[in-house]
Amino acid sequence: QYIAPVLAKFMSKHRDTTLRLYGPDSRPEGIPDWWTVETMGWTKKPYDYLKSLNGSVGIAPLQPDSEFNRSKAGVKALEYMARGILPLCQDYDQYTSIAPRDINLYSPILFAAAIDQWVDNLSYAYSNHQGEWGRRRRISGREVASEHTIERHAHAWADVYEKGLANVR
């Protein structure tokens, strides 16, 4: 419900856009007939989900002032970046902590808070996802995502495990 006004404004301006929804098995009720919509049903295996991720821009909205959303991590942005998809994320710590807001033109994440910002950023990404701008953002995003792999952080898990063992002994 939070993102519906954004999608309505954006899709009315960019009618050649395909909206891909992950989770639903069929077109949700209430979506205008003229929208091109693909639904990607729920997958049980993370690998299958990640393999299916595709597109130019991935949106990651969070409902404002929601206790549930404050407990979430920025994994969705990392998933998008690892697949070379530009994330457009809610302007919350979950996402800004992964790739802080930067004046760099090729920052790997776009941020939005208000509905108009969402529409403006989607339109900007729509107009610029090809070419040098899009290529550099995809490269930058993949670099950021590569810093968040299990292999790079295995030592942290080992440290926590060792500290836990010391408390048990």
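What follows is a short chat about a predicted model.

Biologist: What is the model, and how are residues numbered?
Modeller: It is a predicted model: local features need pLDDT of at least 70, side-chain atom pairs count only at pLDDT 80 or more, and totals for chains, interfaces and linings use all residues. Residues are numbered from 1 along each chain as its sequence is written, and side-chain values use heavy atoms, with hydrogens and water left out.

Biologist: Where is Ser12 found?
Modeller: Ser12 sits in helix 1, residues 4–13. Helices here are DSSP runs of H or I, at least four residues, and strands are E runs of at least two, numbered from the N terminus.

Biologist: Why does Ser12 count as partly exposed?
Modeller: Because its relative accessibility is 39%. Buried is under 20% relative accessible area, exposed is over 50%, and partly exposed lies in between (1.4 Å probe, protein chains only).

Biologist: What does the Ser12 side chain reach?
Modeller: The backbone oxygen of Lys9, at 2.8 Å.

Biologist: How far is Ser12 from Gln117?
Modeller: They are 16 Å apart in space, C-alpha to C-alpha, and 105 residues apart in sequence.

Biologist: New topic. What order do the strands of the open sheet have?
Modeller: The order is 3-4-5, with parallel pairing. Strand 3 (57–60) and strand 5 (110–112) are the edges, each pairing on one side only. Two strands pair if DSSP finds at least two bridges between them.

Biologist: How many bridges join strand 4 and strand 5?
Modeller: Strand 4, residues 86–90, pairs with strand 5 over 3 bridges, in the parallel sense.

Biologist: Which residue is the bridge partner of Leu88?
Modeller: Leu110, in strand 5.

Terms used
A polar contact is a pair of N or O atoms within 3.5 Å; within protein, one must be able to donate a hydrogen and the other to accept it, and residues adjacent in sequence count only if both atoms are side-chain atoms.
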